[in-house]
Each structure stands twice: as C-alpha cells, then as structure tokens.
Amino acid sequence: MKYYSLNKQSPIVNFAEATVKGQAPDKGLYFPESIPQLPKGFIENLKQYSKEEIGVTVMQPYIGDSLPNVELQRIVAETINFNFPLVKINESIYSLELFHGPTLAFKDVGARFMSRCLGYFNRNNNQKVTVLVATSGDTGGAVANGFLGVEGVEVIILYPSGKVSPVQELQLTTLGQNITALEVQGNFDDCQDIVKQAFMDADINAKLSLTSANSINVARWLPQQLYYFYAHQQWQQNEAPVVCVPSGNFGNICAGMMAFASGLPVKHFIAACNANDVVTNYLQTEQYQPKQAIATVSNAMDVGNPSNFVRIQQIFNNGFSALTNKLSSVSVSDETTKKTITKVYKDYNYTLDPHGAVAYNALENYQNQIPNSKFTNSGYILETAHPVKFPDVVEEAIGKKIEVPDEVKYLFDQQKQSILLSSNYNDFKEWLMNK
Ligand SMILES: *Cc1c(COP(=O)(O)O)cnc(C)c1O
C-alpha cells in the first residue's frame, strides 16, 4: 500500500515511511491510495475468526511489505491481548467497552501498535529515537505504556501539574525504564507549546532524533478499525448497527468509517461531540469554522479543529451529501452529560464515563428523532475510557464512589516519579540538553 499526502505536495510513501514521518513534509495527513475491500466471506463469517486473525487480515493490506508477516502477527497479538466486550445497556443501546487495556482507555490499541512498528522500523538504527509528547491526561498514559520497554526508543511526557486525575498521574509517573514524566507547572497548552518549540529547536535536533506519537500517525490511526470488527463479531441483530463515537480529533470515528468503506456493515455513524461543535455545525451548514477549544468535562474531546476530519471527507471523495447520508453529529452540553451519567446509572445500573455519556445521549437523541423506530435503529456507543479516570464528575453524578478495577489497584502502591519544571521553555531545554 502506498500513502499520499492529502495536501498533494509530497512524495508518495509506503507504510513504514508514513509511520516514521508522521506528517507529510507539506504538513498534509497521509491517506492510503486505495481502501482495501475485504472478501465477502470474511465479513459474513466474522464470528469464526479469532481477534488475531481479524487483526492481521484487516491490517495486512495497509502494511503491504513494510512488515514481514510474522512481525505483523506478533505486533497485532501484542496490541490486542485484552477484551473488547459489547455490553447491553438496554434494548436499543449497547456499549463497546474499550477500556480494558493497560491504561483503561481506547488509545492503548493505537499506541501499542504504533510503538511496536516504530521499534521495528528503527531496529537497525544506532541512534535512539526520542518520543516527545504533551498530554492532557489520556494520551500520555497510552503512549508511555505502549512504548514501555521498546528497544531504542526513549519517551518524554509533559503533563500539567495538578490537572490530571490521580489514576492518570500514576499511569504516567510510575513506569520508569525508558519513560520519563515531566510535571509542568502550567496547563496543557503550555506543555503543547514546549513540545512544538522543541521540534523546531536546532540545538535539540542536532543532539537528538525526535519524533512525535501524534494521533494523526497512520500506525496509530488505522488499527483503531479493529474495534468495529470486534463489535460486529458480537452484534446479534440482523440489521446493521448505528455506531456512535465520542469524537475529538476524529481519528477513532474515521477509522470506523474506513472499516465501513472496506465492507463492514454499519447503518449510520454518529459523531458525538461536547461543546466543541465544529463538525456538528459543518454537517448542518456546510461551513467549516475551526474554533478555540472549549474546556469541558469530557476533556479528551476538547478539540477546536479536528485533524482527522479531512480524512473522513476523503473517504467520501469530498462529497457533502454522500457524507451526510452516512454521518450525523450531535453536540452535547456538560450539564446533559452529567445528567446522562446519573440517568443511565439509575435506570440501567451502568456507569458511563463523561465521554461515553456524550455518546449515549447523542445516540438516544438520534433514535428518538424518528418516532417508533427505536428498535430498528439499535446501535452501540464506544465507551472510550473507564469512569475511574474521571472520578470527580462521575462520582458526583452517581452519588457514590467508583470501585477501582483490579487492573489498576496496583498503581496505588507505586511511587510517583516526576521531574518538576516551570512552564518556561528554557528550563525544559536546559534539562533536555543536560540529560
Ligand atoms: C482521545 C479520546 C477521545 C477522542 O478520540 P478521537 O479519536 O480524538 O476523536 C474520546 N474519548 C477518550 C476517553 C479519549 O481519550
């Protein structure tokens, strides 16, 4: 498979080059030259295949000869070695739980796949690669965990001091080995600015081989398709599901739409957004107007100009009516998000996290728009994070403490290790250059 830049001003590359580069030199996103078509028999008999077989079959055409088959099999197996259960909330809404991975959020899959690809592509390179990443909470943990112990790769994570939840902080700061956590006395934007400046800093680039673990990377984006295949394996109804995805940078939903374009049955997609409603507005007005991000309780979706939306447009050859036939979007307020957590807990004894709650409300709204159609518009939401990652909002909404899952209990016995830095770029640079 070859990849071209959506800005069309860069050379064509293969999967390995697209992964190592991240973004094309013309600042465009890489997109595959064609969308692979899966054999009909494969989709029809999906239930008969193992998760690993599905992973390899779906990913192989995208990888081409960038990875030998045994490597692809190993990377897929390591990436998806946890469960993706489709849990019934009520008659018409199911929850695809994507929080059973090591950092309790869906980004684990993309981060694990990408880190192992980078490790492989860098195997004959003597210089260590340094991954620099700023996080508002979720991404950093997934990236750190994904890269933990990967040979030849060092990871430096910048996170805003006091602004991530206790579980998130422990996930970032207790790993050790090749992972270093920098606790920045500032907010997420300060962390992001430091990272951006570092990438342009000639002194740093002369000393280190820097790379980003950005969510636009093809090796993080494409494996997210697998969720939708695993959901379909568990889908019991004859009619194809309506799929509702809590969306920020639109990478996850875009992967789902790639799965659909390659043959997976999906009736309709809903992009569930918080107050950051650029895409919601676009689908209503055909006017795309990026905005400053607004802070919300579903903070992993606080994105004012979603990078991956251009990829979704490309799937539909930039046709607006083809796109709106398949994709709707709903913007959900913080107040409604909290009320939804309360209601779903009370009515169905199911605890949503704020991101899942945005999706639940959006799907329910969609189903209610068409009277009496509830049972023919059944579908599932992607529950993208465990509620324990957002204890303040969730515990207030359900009126009790959330039980800490066994998978993370051990974290509370670990020692936090971070390096405290001011938000001044020069302090960061001095630390990095003298490391
Ligand atoms: C990153 C994230 C999202 C948004 O995913 P995108 O692919 O950026 O649209 C939603 N929920 C959670 C919990 C996340 O961490």
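Over the ring of which residue does the charged end of Arg123 sit? The ring belongs to Tyr120, and the charged end of Arg123 is 3.9 Å from its centre. A charge is taken to sit over a ring if NZ of Lys or CZ of Arg is within 6 Å of the ring centre and within 35 degrees of the ring normal. Arg311 makes a contact of this kind too, with its charged end 4.0 Å from the centre of the ring of Trp221.

The model is predicted, with local features needing pLDDT of at least 70 and side-chain atom pairs counting only at pLDDT 80 or more, while totals for chains, interfaces and linings use all residues. Residues are numbered from 1 along each chain as its sequence is written, and side-chain values use heavy atoms, with hydrogens and water left out.

Aromatic rings come next. Rings of Phe, Tyr and Trp (its six-membered ring) count as a pair if their centres lie within 6.5 Å; planes under 30 degrees apart are called stacked, those over 60 edge-to-face, and the rest tilted. The count by this rule is 20 aromatic pairs. One of them joins Phe250 and Phe309 edge-to-face, with 5.9 Å from centre to centre and 80° between the planes. Phe250 lies in the loop between β10 (242-246) and α12 (251-261), whereas Phe309 is in helix α14 (residues 309-315), so this pair ties together parts that are 59 residues apart in sequence. Helices (H or I, at least four residues) and strands (E, at least two) are DSSP runs numbered from the N terminus. Both Phe250 and Phe309 are buried, where buried means under 20% relative accessible area, exposed means over 50%, and partly exposed lies in between (1.4 Å probe, protein chains only).

Tyr282 and Tyr288 form another edge-to-face pair, at 5.9 Å centre to centre and with 75° between the planes. Tyr282 counts as buried, at 8% relative accessibility, whereas Tyr288 is partly exposed, with a relative accessible area of 30%. An aromatic cluster is also found, made up of Phe82, Phe84, Phe106, Tyr227, Tyr228 and Tyr230. Helix α11 (residues 226-234) is mostly covered, with 8 of its 9 residues buried. Among the buried residues of α11 are Tyr227, Tyr228 and Tyr230, which also belong to the aromatic cluster.

Lys107 brings a polar side-chain atom to 2.5 Å from an oxygen atom of the ligand. A polar backbone atom of Gly248 is 2.8 Å from a ligand oxygen atom, and a backbone N or O atom of Asn252 lies 3.0 Å from an oxygen atom of the ligand. On its own the ligand has 380 Å² of accessible area, and the protein covers 96% of it; accessible areas come from the Shrake-Rupley method with a 1.4 Å probe, and for residues only the protein chains shown count as cover.

Most residues other than glycine have a negative phi. Asn317, however, has a positive phi of about 50° although it is not a glycine. Asn317 lies in the loop between α14 and α15 (320-326) and is exposed, with a relative accessible area of 62%. Asn349 likewise has a positive phi, near 55°. Asn349 is found in the loop between α16 (334-348) and α17 (354-369), and its relative accessible area of 59% makes it exposed.

His100, in the loop between β5 (93-97) and α5 (107-121), is partly exposed at a relative accessible area of 25%. His100 and Pro405 are 305 residues apart in sequence, yet 9.7 Å separates their C-alpha atoms in space. Phe320 is found in helix α15 and counts as partly exposed, at 21% relative accessibility. From Phe320 to Glu286, 34 residues apart in sequence, the C-alpha distance is 7.6 Å.

Definitions and conventions. Polar contact = N/O pair within 3.5 Å; in protein donor to acceptor, adjacent residues only side chain to side chain.
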